[in-house]
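Take a walk through this protein, one stop at a time. Keep the sequence and the structure side by side as you read.

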Amino acid sequence: MNTKTYEYFEQLYRLRSFTKAAKAALISPQGLWKAIRSLEAELDVPLFDGSSGIQLPTCYGEIYHEFATRELASYAELRRAIDVQKSRMDFESIRLCSSTGVLGALDEPIERFEREYSGCRILLEDYPDFVCDSKLKEEACDLALTIFPYAPDFHTVQMYDGIHYCWVLVSDPLSTHSAIRLEDFSGRAVVSVGHEYKGCIELLRKLDEAGITLAEHRTWSEMVLIERQVHQGLIGLTVKHQAELFDFDEEVKAVPFPDLPWRFGISYLKTHELRPVERAFIHFMLTEVAAS
């Protein structure tokens, strides 16, 4: 779209001189003269009268002035609208799905990423482990913070390799152990997040393979409720960062449980080609976890 003719006309209309208008429009006086004469020929009317020594707009020039003013204003509005839309298109987002157990360990690094990469927004949703895996398979998210074991159709960049912990009462003999083993669960009541949590499924699988029978297995959706159940003498399955939130409770102790690993990573579908912003996010999170 060429708006130069409107601009040339408006400069001459304002300054009444080809020399001054040409200087303001960054064009030669001859070039400006040709542009105005070409416009007059196209409209078949004179737009300026220079008989007095200055370029005065004719009645036709006044009409064209109103038209040119509207067109330039409309063009400026068009440019603003385009710039706004470009800024929206340039603003990148990552649809991130997180397993509930992981999010508590990574909420601060995610916030720091958004602050450092101001052009990116993390659209975060939190689900139980298996639901999170399903969301990624359905392409309802771009990346997912997933817990081991990882789905075979994911590429997973592992960020953390640790173990589970068990809450026990300090009055329980298990609290004096340096670590809890599978055989310590024999005949005991256990409370965990539930059957949508991979750690719970892995624990029950390992106990079954070892021929170890529980007295009871309870499930609660909230970690705070699991910690309260421990006060009734149950063993509570947890992870390190969750256990640290309850350090104030002097009646309960978190004991390492090395027989049950706890690993998590950033996953994406093997058919998904990572965007630069997603690669930046993965690198940033790996650096954050390594530093902590």
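Leu26 is exposed, because its relative accessible area is 79%, over the 50% cut-off. Leu26 sits in the loop between helix H2 (18-24) and H3. Its backbone deserves a look too. Phi of Leu26 is positive, about 60°, although the residue is not a glycine. This is a predicted model. The average pLDDT of the protein is 90, and 97% of the residues reach at least 70.

Is Asp44 buried or exposed? Its relative accessible area is 67%, so Asp44 is exposed.

Helix H3 covers residues 29-43, and helix H1 covers residues 4-15. Their axes come within 10 Å and cross at roughly 105°. H1 is therefore roughly perpendicular to H3. On the H1 side, the contact is made by Thr5, Tyr8, Phe9 and Leu12. On the H3 side, Leu32, Ala35, Ile36 and Leu39 take part.

Among the elements, helix H4 (residues 59-90) has the lowest mean pLDDT, 81. Strand S7 (residues 189-192) has the highest, 96.

Now turn to another helix pair. Two packed helices are described by the angle between their axes and the distance between the axes. Helix H5 (residues 100-116) packs against helix H10 (residues 276-291) at an angle of about 130°. Their axes are 10 Å apart. H5 and H10 are therefore oblique to each other. Their crossing is right-handed. H5 brings Leu106, Pro109, Ile110, Arg112, Phe113 and Glu116 to the contact. H10 answers with Val277, Ala280, Phe281, Phe284, Met285, Glu288 and Val289.

Stay with H10 for a moment. Glu278 is found in this helix. Its relative accessibility is 0%, so Glu278 counts as buried. What does the side chain of Glu278 meet? A polar contact of 2.8 Å joins it to the side chain of Arg275. Leaving out residues up to four places away in sequence, Glu278 touches Ile94, Asp142, Leu143, His272 and Glu273. Take Asp142 from that list. Glu278 and Asp142 are 136 residues apart in sequence, yet 8.4 Å apart in space, C-alpha to C-alpha.

Next comes a peptide bond to find. The bond from Phe148 to Pro149 is cis, with omega near 5°. Pro149 is placed in the loop between strand S5 (143-147) and strand S6 (154-169).

Strand S6 holds the next stop, His164. At 1% relative accessibility, His164 counts as buried, because buried means under 20%. Its side chain makes a polar contact of 2.8 Å with the side chain of Tyr197. A polar atom of the His164 side chain also lies 3.2 Å from the backbone oxygen of Pro261. Beyond residues up to four places away in sequence, His164 touches Tyr197, Gly199, Leu237, Thr238, Val239, Pro256, Phe257, Leu260, Pro261 and Trp262.

Move on to Ser192, in strand S7. Its relative accessible area is 1%, so Ser192 is buried. Which side chain does Ser192 join in a polar contact of 2.9 Å? The partner is the side chain of His217. His217 is also one of the residues in contact with Ser192 when neighbours within four places in sequence are set aside.

The last stop is Gly236, in strand S9 (residues 235-239). Gly236 has 0% relative accessibility, so it counts as buried. Setting aside neighbours within four places in sequence, Gly236 is in contact with Tyr165, Cys166, Trp167, Val191, Ile226 and Val230. Asp126 gives a further pair to look at. Gly236 and Asp126 are 110 residues apart in sequence and 22 Å apart in space, C-alpha to C-alpha.

Conventions:
Residues are numbered from 1 along each chain as its sequence is written. This is a predicted model: local features need pLDDT of at least 70, side-chain atom pairs count only at pLDDT 80 or more; totals for chains, interfaces and linings use all residues. Side-chain values use heavy atoms; hydrogens and water are left out. pLDDT is the predictor's confidence in each residue, from 0 to 100. Helices (H or I, at least four residues) and strands (E, at least two) are DSSP runs, numbered from the N terminus. Buried means under 20% relative accessible area, exposed over 50%, partly exposed in between (1.4 Å probe, protein chains only). A polar contact is a pair of N or O atoms within 3.5 Å; within protein, one must be able to donate a hydrogen and the other to accept it, and residues adjacent in sequence count only if both atoms are side-chain atoms. Contact means heavy atoms within 4.5 Å. Axes are lines fitted to C-alpha atoms, for helices over the stretch in contact, and angles run from 0 to 180 degrees between N-to-C directions. Angles under 35 degrees count as roughly parallel, over 145 as roughly antiparallel, 65 to 115 as roughly perpendicular and the rest as oblique. A crossing is left-handed if the near helix is turned anticlockwise from the far one by less than a right angle, and right-handed if clockwise.
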